[in-house]
6 protein chains.
Amino acid sequence: MTDLVTFGESMLRFSPPDQDRLERVDQLDVHVAGAESNVAVAANRLGLDATWLSKLPDSSLGRRVIGELGTHGVDVAVVRDDDHRMGTYYVEFGGRPRGTDVIYDRADSAVTTAETAELDTDLVADADLFHTTGITPALSDTLLSTTADLLELARDAGTTTVFDVNYRSKLWPPAEACETLEALFPHVDVLMVAERDARDVLDRAGDAESLARGLDADFGFEVVLVTRGGEGSLALADGDVHEQGVFEADDHDTVGTGDAFIGGFLARHHDDGSVPESLAYGAATASLKRTVPGDIAVVTPEEVESVLAEGEGSGISR
Amino acid sequence: MTDLVTFGESMLRFSPPDQDRLERVDQLDVHVAGAESNVAVAANRLGLDATWLSKLPDSSLGRRVIGELGTHGVDVAVVRDDDHRMGTYYVEFGGRPRGTDVIYDRADSAVTTAETAELDTDLVADADLFHTTGITPALSDTLLSTTADLLELARDAGTTTVFDVNYRSKLWPPAEACETLEALFPHVDVLMVAERDARDVLDRAGDAESLARGLDADFGFEVVLVTRGGEGSLALADGDVHEQGVFEADDHDTVGTGDAFIGGFLARHHDDGSVPESLAYGAATASLKRTVPGDIAVVTPEEVESVLAEGEGSGISR
Amino acid sequence: MTDLVTFGESMLRFSPPDQDRLERVDQLDVHVAGAESNVAVAANRLGLDATWLSKLPDSSLGRRVIGELGTHGVDVAVVRDDDHRMGTYYVEFGGRPRGTDVIYDRADSAVTTAETAELDTDLVADADLFHTTGITPALSDTLLSTTADLLELARDAGTTTVFDVNYRSKLWPPAEACETLEALFPHVDVLMVAERDARDVLDRAGDAESLARGLDADFGFEVVLVTRGGEGSLALADGDVHEQGVFEADDHDTVGTGDAFIGGFLARHHDDGSVPESLAYGAATASLKRTVPGDIAVVTPEEVESVLAEGEGSGISR
Amino acid sequence: MTDLVTFGESMLRFSPPDQDRLERVDQLDVHVAGAESNVAVAANRLGLDATWLSKLPDSSLGRRVIGELGTHGVDVAVVRDDDHRMGTYYVEFGGRPRGTDVIYDRADSAVTTAETAELDTDLVADADLFHTTGITPALSDTLLSTTADLLELARDAGTTTVFDVNYRSKLWPPAEACETLEALFPHVDVLMVAERDARDVLDRAGDAESLARGLDADFGFEVVLVTRGGEGSLALADGDVHEQGVFEADDHDTVGTGDAFIGGFLARHHDDGSVPESLAYGAATASLKRTVPGDIAVVTPEEVESVLAEGEGSGISR
Amino acid sequence: MTDLVTFGESMLRFSPPDQDRLERVDQLDVHVAGAESNVAVAANRLGLDATWLSKLPDSSLGRRVIGELGTHGVDVAVVRDDDHRMGTYYVEFGGRPRGTDVIYDRADSAVTTAETAELDTDLVADADLFHTTGITPALSDTLLSTTADLLELARDAGTTTVFDVNYRSKLWPPAEACETLEALFPHVDVLMVAERDARDVLDRAGDAESLARGLDADFGFEVVLVTRGGEGSLALADGDVHEQGVFEADDHDTVGTGDAFIGGFLARHHDDGSVPESLAYGAATASLKRTVPGDIAVVTPEEVESVLAEGEGSGISR
Amino acid sequence: MTDLVTFGESMLRFSPPDQDRLERVDQLDVHVAGAESNVAVAANRLGLDATWLSKLPDSSLGRRVIGELGTHGVDVAVVRDDDHRMGTYYVEFGGRPRGTDVIYDRADSAVTTAETAELDTDLVADADLFHTTGITPALSDTLLSTTADLLELARDAGTTTVFDVNYRSKLWPPAEACETLEALFPHVDVLMVAERDARDVLDRAGDAESLARGLDADFGFEVVLVTRGGEGSLALADGDVHEQGVFEADDHDTVGTGDAFIGGFLARHHDDGSVPESLAYGAATASLKRTVPGDIAVVTPEEVESVLAEGEGSGISR
């Protein structure tokens, strides 16, 4: 039996080395990236037994993804598909004022055709936790339907459902996202949402606490997690609000910070951590992630605990 | 006025360095690749004034292609498109017995939507030569129609039309290719075809000369070029057959050899070279190409002439 | 007809990767660099039709420069020369307190022999703008004479002349530079000068505005641009002074900042931008340049406008 | 239940890129290498369910090995150890006449302390196949004893034991190896030995067949496999001798060829392949391995079958 | 005759490029590293005639070290050994909060067997300065004995002895270090110690000045240097205390900062610099080191003097 | 006292990695190269005590050369010069039929101004051997005069003079070379000449032996070495002719083969090797060189002896 099943798309991420420009690049760094597989890796590395559920092309590109997850010990329950493509995305890191530019090339990827019937739904039913994000239902009508099925099925089986809003403006407009997501929320136990998305997508107002309380009032979540970028995060659980700051980091690659956060939170919470302990654990995991190239939180429990103990690495240990 | 207009798709080509495997690669070499842009580059570098006609996404990826062609002095007449993707392909060089593995990811690329009306057809009408390949009509129904329009339009304007069969089994089955291509042949002046494709796709029999004579008999070409891999090439023109061997090369990257060949042939032929002279020029260009990383023939007229004079580079010149 | 012609030297720039030291380097990054070609690229990318006028060795090294400019769409009008060398320079980026070390190796380069008679002067006469810098006349007596000829010729033809003082202490002493440059100023319409050079080379005193007004009083420029490093820039035009701050940037490679600034300024000014608008446009271009490896401002109009709109890239767009 | 358990050491392999020399290298390529883990990877990729049994330091270096095996889907049953080091080796590829130079730095590695009692011996007892090599008992007295225990235990449990002589002159002298190995042979079902080692280490004479028959006569193996380098291989089973040639390969990295061979042989043989079929399958796997950087056979069943069908990759498939 | 002899271990240092993680690295940067050889290089580059005394394996790995020192002009007096290994260490640079992780793999290296009798002790006796650190006696009992011999021998010969406490917690516990080092101090003329080590290892209290005065009172040193990280350093000589701040640096690689400091101090002091001048020279050398990849201070006297004159590199010199 | 002094120019060599083209390269590999320093390195590595005499710019580029020679243990006796440049050359390896393209950029390098009076001529007088090549007098009139002085001075002091004709067509025409070199030959004891140069430059006829005998008859050398590319080499000494074949090599970089040959020859001959032994030693050194990137023979005496013993490396030693 697995502790955590995550469901979504994983892509090949292509990025020019050394802050160079996509428009003249001769080499690209390749990473494996996807919100739900990122969460599976972070949680698995931090102690959960995690499985990633998805669909991939039956090619060396699909194997690139499977191999990466295997490196981190994540089990994969993947349908192989001869007819659809591997999703990819390009990211160019420009620093200020260029910013970070993302070009998605994920349309018609294999996972967009994943139907409930072809997936190993027993895994979801048998797991303690099921996680997906707002990216998945945005990718295709099929995936919207499958996402709804899996959330419902998990809920029915007593599996705790975790949903990260994770709004992507390049995938759908806010109003459509809001309507779709709110239809899924009744099947969600743990909701994670960026403060900005709560305002701009879910169309709510107030400070972070009000946003959490409002969502909870409307949908009755077990936990609502609100992430606030550099200002930290907040959890509403059992009517209590817990706040958590960020741990300072020398940013190397900030993509995947939120996935590391929820991965860390779930790992600690599943291991009987209290909500504040789990929040802190998530925040420490997130800060470590920011130092690691790629979307994936290549971190260890010892490192997370060291951040919690000291706040930051104290020079060189030798 | 331009000497040569070529029309087709150009892609980003991704290949693992150092004979490594796609399924575990952390870096990819990036090249710009496309049969018709390859021909434009080779011909332009060897003296023609060439323009590449196409459609590209309006993104840094599209600019990567335009920049590459600009490096080689090729003019681009490109429609920019916000809604479609950049075609890509992956190639893994394995040597014997692994072979070379190609994964196309070109479906729904911008160029597949290129309609005649949006292209600068005056360029085609004003050119001396118009070149495209059997890849272009295979990419979409729209492109098949556009290809037919451009060939017809070129013919009507007195522009010599050059067509390279260039069969790709990953794009369409032989029978469909044969039917489609034979419908285009009446508008073609110079036909280039691999001996193998003449047999397996165009469904003809006999030795290389018979193949050429048979095609000529059926469609009445000005020139028929038959390429025969390591065994050289053959041209049928004005009823005469000319044969040409290959120049030995230390192969570094053999993709694009045929494009270099036709680019060299056209450059010399346009410059009043006889058919045998042009064949030799094409063969020398092709052999140089095989030493250069990427699909593009980064060669100079001096180098081609040196191959023709000596057969091969005679050690170090210092 | 071209909008802008620039005239000067372009070099190969060699720099050790990753802050390493020239004295032990096993690999060098190669960029194409030269104040006037940098300006041509920046202006061309931002909307002008630019041509670079120069002289280069007839070798693969000369082609490296031509290819780079072609990548960015700049036309080249270059005399090829079999007898002289390619100019190069080495730059080592050390950070504080090592600083940035430059070793020029440009003596006797092909361009130092460029005489007026061998250049395509019609291009200059037909252009709207002609740009060169104080580096060019410092390179050889021949180039001093040619520079003077071209400025005069441009003025006579009604082409607006733009001159960036760009003092290089490794090329000549301040007094010689001052005397030479002041003899050219009567043919200059738009003068750009660093505040420091106005003091140390042109031997003037006062604050930036006084420097601009003093130069204007003596030579009667259309516009005087004074750049002030981290403190921004200032333009004097029609008796009015306009000031402009800098946009914050995460510096990756600051070489070429001034060239990006004037390239951006000219692009906007030629497109009917007011002096303050053009100053801001130049400053935004310059800040983007600082994030890009190499001397060349690989930027787009959209990026410049985004900086003007927001001041800086607001995180990740996805 | 697992099909195959292999037991031995895995090391980090450091090699200079691009045929450079260790004595001046500034970068090293890192691979994971070890005869028994190589076999586990090859077999697992080709269809067996394989587990690698070993002991590793509890460090990021140990995780490097575990992650690599996870990439290829191999399960690891590894004791973690805080007190011993990670074994490494350096290899410099020189080509002729420099040859390939190996420097082992594996003394006192964690695995040298692996005692039977701390290992998960149930895995061995429950497996169909158990594999180790003559390297393992050469590494320490502890390992010799553990190897003997595991072979005996496997035999008693009905697990087929596979032993590759794999003599390493840098680890022990031939006479000591011979005495030690012959004491293990009574517990071995499938013996693999290089013709050269059969002569120089096991001190036998005659042609390959005689060597096989002699060994069989003395120890009563189920199968004796004799590898003969470029001359192919031979199997003696049930009194019959089967010979197999090699498939031509463009060698990129020949380390690990023997491990790929036995991994391929076992995968096919376990899947009810006859001895000749399994020999051919092993030979095809080995030839593919030679094209792949590193010690590990990153190959697929489809590729092996393609080699068997065609002998070699037939150009580019596109 | 040599000015300075240093005695200790030099290792190969392996570090992942670009802040990546050891546990998934495919390439490692290689540097040569060792406190005493670092000091020899810094001092030699800054004007002393330095020799490094040690023992190395007789292999390409040993030659890697000798070649590196030769690059910087340091003489080596090294015993070659066929039987022991090359010491190595791994360092992963994580930034905050990951910190910098060091894994030593130096046990049983050749130098740990270095006995006084096999070393060229005349070099020590004839030198002006002899330098070693607290690392050397921690590596083996043999090295403790040899270190004691060399310090005594140097003192008897009138060679000034320099000892840097350089405590490494991964090598020995504080109490053992304290007892061992205090037994060596009577033979030491110049003592260097980090303020933290004076407290935690030498078990002393008070501010930096008190620590220096206390050590001087107990052992009667010529000079006591106390380094205080970002707060600078302090020297006690002839009863006077001199303080020195740090020069700001853009840190690229901070390993080896202390060795650069003492190397710079000794170079200036030997050249008749006063203690305050030498302190400043050491601090400038240390700040430059922090900008250079690797452990070694690849700096020049001109650069050190420029830091002393200006505090930091003033932009680009061109 | 030194065994061997060599005199000539050393350059930085820039080459595109991976067979790429100079005209589009973004990175260049850097090596140190020069016939006479190559010989010093080869000879020093093989047992001679060698010193390189030259003049270099006083810059980080000059230090790059000095550091490289120090890596190999060669002493340098170099005049530093603030006013002249570092010589460089570019080499592009194309394979057949592209060949290897060399672009020299060595005019006006510091060494071209080296006058006898500024060099440490005592080193030459005290050495056993003095070596230079026909490149040195071709570089400038000053160097021609200095070369003549040094040869004469060496002869007068009893130092054996070694001269390698080493004709470079890019430096001077054959007739000028012939006249100049023949004027130097009376001061030469050991002459080395390529068979091709003996014909085309020294304008002689006949087979290799006749060429040697003819040169000896005219100038009375102690030894005449004639190199014949792939056909081996020949020595005429004391009236006897000795022939030597080549050892097969997997060519990686063939530049510097001749320098490795003479370096090996001199090392063995100085160590009392007979002429045939020394020829074989030179040939083995040359074959090893061809496997090493760069111009320099990074080889060991053990490797040379292994080639002599076996002809080639026999697989992997492990």
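**Close-up views of a predicted model**

**View 1. The interface of chain A and chain B.** The contact (heavy atoms within 4.5 Å) takes 23 residues from chain A and 23 residues from chain B. This is a predicted model, in which local features need pLDDT of at least 70 and side-chain atom pairs count only at pLDDT 80 or more, while totals for chains, interfaces and linings use all residues. Residues are numbered from 1 along each chain as its sequence is written, chains are lettered from A and ligands numbered from 1 in the order in which they are written, and side-chain values use heavy atoms, with hydrogens and water left out. About 2100 Å² is buried between chain A and chain B, 48% of it from carbon and sulfur atoms; buried area is the accessible area (1.4 Å probe) that two parts lose on being put together, summed over both.

View 2. A:R64 forms a salt bridge with B:D26, with 3.0 Å between the closest N and O atoms. The elements that give two or more residues to the side of chain A that touches chain B are β3 (27–33), α2 (60–71), β6 (88–93) and β7 (100–105) of chain A. Helices (H or I, at least four residues) and strands (E, at least two) are DSSP runs, numbered from the N terminus.

View 3. A:S37 lies in helix α1 (residues 35–45) of chain A. At 1% relative accessibility, A:S37 counts as buried; buried means under 20% relative accessible area, exposed over 50%, and partly exposed in between (1.4 Å probe, protein chains only). Not counting residues up to four places away in sequence, A:S37 touches A:T6, A:S10, A:W52 and A:L69.

**View 4. Surroundings of A:V304.** Helix α11 (residues 301–310) of chain A holds A:V304, which is buried, with a relative accessible area of 0%. A:V304 touches A:L46, A:Y281, A:A284, A:T285, A:L288 and A:V299, residues up to four places away in sequence not being counted. A:V304 and A:G282 are 22 residues apart in sequence, and their C-alpha atoms are 8.8 Å apart in space.

**View 5. Helix α11 of chain C.** In α11 (residues 301–310) of chain C, the buried residues are C:E303, C:V304 and C:V307. Seen down the axis of α11(C), these residues fall within an arc of 100°, so they line one face of the helix; the arc is that of the directions from the helix axis to the C-beta atoms. C:E302 and C:A309, on the other side of α11(C), are exposed. The buried residues of α11(C) pack against α10 (275–289) of chain C.

Terms used:
Salt bridge = Lys/Arg side-chain N within 4 Å of Asp/Glu carboxyl O.
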